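Dear colleague,

I am passing on the structure below for you to look over. My notes on its charged pairs and on one of its helices follow.

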Amino acid sequence: MTEWALPPADAIEFGDALHRFRDEGRPEARFLRGGFWRNFQRRYREINDLHKQMLRASDKVAAMPAGSGPARARARDHLLRGQSNDCYWHGLFGGIYIAHMRLATFEHLIAAEDAVDRVAGANRIGVLRDVDIDGVDEAYFEAPGQVVSVKLDRGAAIGEWDIRAARHALTGVVRRRFEASHARLLRAERAGTIRVAGLSVAAAEPVTGDGSG
């Protein structure tokens with residue numbers, strides 16, 4: 001996990017060093033730890049957006065009156081399901097790229113917020129709010145049927161658009177990025193171990209930024 005949390009170029013260098021140290025039997029290998037879990041939020045805007053939506057839902061559920069009855073239990077159950085760690089990272093064995101898991105996580109967070117808002121009454125809000133906690137306010141619109149946030153600093157792009165009835169996040173997609181694993185595949189192709197269709201050496205060149213441009 002700590003290797004995957006690194007930027008692609010750093011992950012390639014770290015992986016090479018770690019495997020080399022282990023192959024050589026060097027005891028220093030035990031000190032190589034890679035990156036930090038929260039780097040996933042920096043590397044993937046999608047993970048950061050998901051995490052911030054989870055925090056928003058968590059605050060709402062926590063603020064529900066104790067006398068809310070079954071609705072409070074349902075909201076909490078959906079919140080806990082939406083806090084499953086699977087989509088708050090990326091690696092070779094899962095993470096944010098797995099579409100059905102990503103959409104299921106969004107589904108439960110949307111359901112948790114919807115359950116809270118039904119108890120609180122139909123809210124119709126249009127406010128400025130720092131939805132993704134990046135220091136810049138978004139235009140945030142909340143109604144019984146949907147939630148929309150508009151990123152004013154990115155040409156009024158829609159950052160979040162949740163349909164409550166279907167519990168579907170219309171913007172719950174992942175941008176195309178270079179990953180360290182692509183370089184490993186291309187190395188194996190050069191060695192004649194495998195054949196990678198549709199990839200080229202140029203595809204193994206690291207890119208900068210978070211892929212959100």
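The side chains of R26 and E28 meet in a salt bridge at 3.8 Å, N to O, where a salt bridge is a side-chain nitrogen of Lys or Arg within 4 Å of a carboxyl oxygen of Asp or Glu. R26 is partly exposed at 34% relative accessible area, and E28 is partly exposed at 35% (buried means under 20%, exposed over 50%, partly exposed in between, with a 1.4 Å probe and protein chains only). This is a predicted model, in which local features need pLDDT of at least 70 and side-chain atom pairs count only at pLDDT 80 or more, whereas totals for chains, interfaces and linings use all residues. Residues are numbered from 1 along each chain as its sequence is written, and side-chain values use heavy atoms, with hydrogens and water left out.

The structure holds 19 salt bridges. In one of them E46 meets R177 at 2.8 Å, N to O, and this pair joins helix 3 to the loop between strand 7 (168-169) and helix 6 (180-190), 131 residues apart (helices, H or I of at least four residues, and strands, E of at least two, are DSSP runs numbered from the N terminus). E46 is buried at 6% relative accessibility, and R177 is buried at 11%.

E113 and R56 form a salt bridge at 2.7 Å, N to O; E113 lies in helix 5 (residues 99-120) and R56 in helix 3, so the pair ties together parts 57 residues apart in sequence. Both residues belong to a network of salt bridges that also includes K60 and D114.

As for helix 3 itself, 13 of its 18 residues are buried, so this helix is largely enclosed by the rest of the structure.

Best regards
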